[in-house]
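Welcome! Please take a moment with the sequence and the 3D view before reading on.

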Amino acid sequence: MNASFDVATLGEAMLMLVAGEAGPLEGVQTFHKRTAGAETNVAIGLSRLGLKVGWTSRLGGDSMARYLLSELEAEGVDCTQVVCDAAQRTGFQFKGRVTDGSDPPVEYHRKGSAASTMSADDVDADWLRRSRHLHVTGVFPALTASTLAATRKAIATMREAGRTISFDPNLRPTLWRSPETMRDTLNALAHQCDWVLPGVEEGRILTGHSQPERIAAYYRERGAKLVVIKLGPAGAFFDSDAGSGHVAAFPVERVIDTVGAGDGFAVGVISALLEGRTVPEAVRRGAWIGARAVQVLGDTEGLPRRHQLACEAL
């Protein structure tokens, strides 16, 4: 296969306004601009490690869109498949700051955004097939019926082409009509993917099992070649065609911001596997990057460059 990209992804990018101080969002006076979006976090992380990454989506014709494109292109992400529509608007979010290591409050303003109108017709199958691998999450298909259709088309295209596909559930219950719809829809997508990367609580919600081994078995029995269950401070459990095992977490002195840790974990696993590393090596890299991610304020500040991996022998 003569691929133009190592990884393709699709999803919504949003402008993120991060609070400059702790406290209720309504009392914060200063915010800092950042990029946000589960899929674009992964795209940025993979690009920083030297992989060629392409992202497809829709943005508005506003200053937020111009900022997001500028930031992603500066990170080396190919954005030629991103459509900017002057008649639509870009989604954004506010993120608070906490001091106790808990999840920070996040307030989304994405309903009716340009990305939420993306449909299967916007997915260029020929462009997708130029990539070795597809990464999808459970966020984008949750937005609208049309983004779900776009995600399904992307997965089907890559399966037919014999490419690998990774899936991070990234549950957003408030975006779904019901917990049952969320569970059934995301499991149907996961069953079409090769590498499934849920957190242990996500796995419990989606499969009804609490034990990492049982969660992994659920997806393995339905075709996944690799399942990695993120266990937070307890590390991660994996089950694959090459065997199963546990990888310890890396120590973290102080948790600053938990948002983005799962995306960092995905960056580590995907990058290592595409480099031909073993599954334990890939999970170890994921755990290391996830630990870095929780020690910084934004979603992408903790994502390393290639030379930083070398320093850690990863």
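Predicted model: local features only at pLDDT ≥ 70, side-chain atom pairs only at ≥ 80, totals over all residues.

Residues are numbered from 1 along each chain as its sequence is written, and side-chain values use heavy atoms, with hydrogens and water left out.

Let us start with His-133, which lies in strand β8. Strands (E, at least two residues) and helices (H or I, at least four) are DSSP runs, numbered from the N terminus. His-133 counts as buried because its relative accessibility is 0%; buried means under 20% relative accessible area, with a 1.4 Å probe and protein chains only. Leaving aside neighbours within four places in sequence, its contacts (heavy atoms within 4.5 Å) include Asp-6, Met-158, Thr-164 and Trp-195.

Next comes helix α6, residues 179–190. Its buried residues include Thr-181, Met-182 and Leu-186, and what covers the buried residues of α6 includes α5, β9 and α8.

Now for the nonpolar cores, sets of buried Ala, Val, Leu, Ile, Met, Phe, Trp, Tyr and Cys residues joined through side-chain atoms within 4.5 Å.

| Core | Residues | Among its members |
|---|---|---|
| Largest nonpolar core | 46 residues | Leu-46, Trp-55, Ile-270 |
| Another core | 38 residues | Phe-140, Met-182, Tyr-218 |

Leu-46 is in contact with Val-7, Val-267 and Ile-270, among others, leaving aside its neighbours within four places in sequence.

Notes
Buried < 20%, exposed > 50% of the residue type's maximum accessible area, 1.4 Å probe, protein only. Expected span 1.5 Å × (residues − 1).
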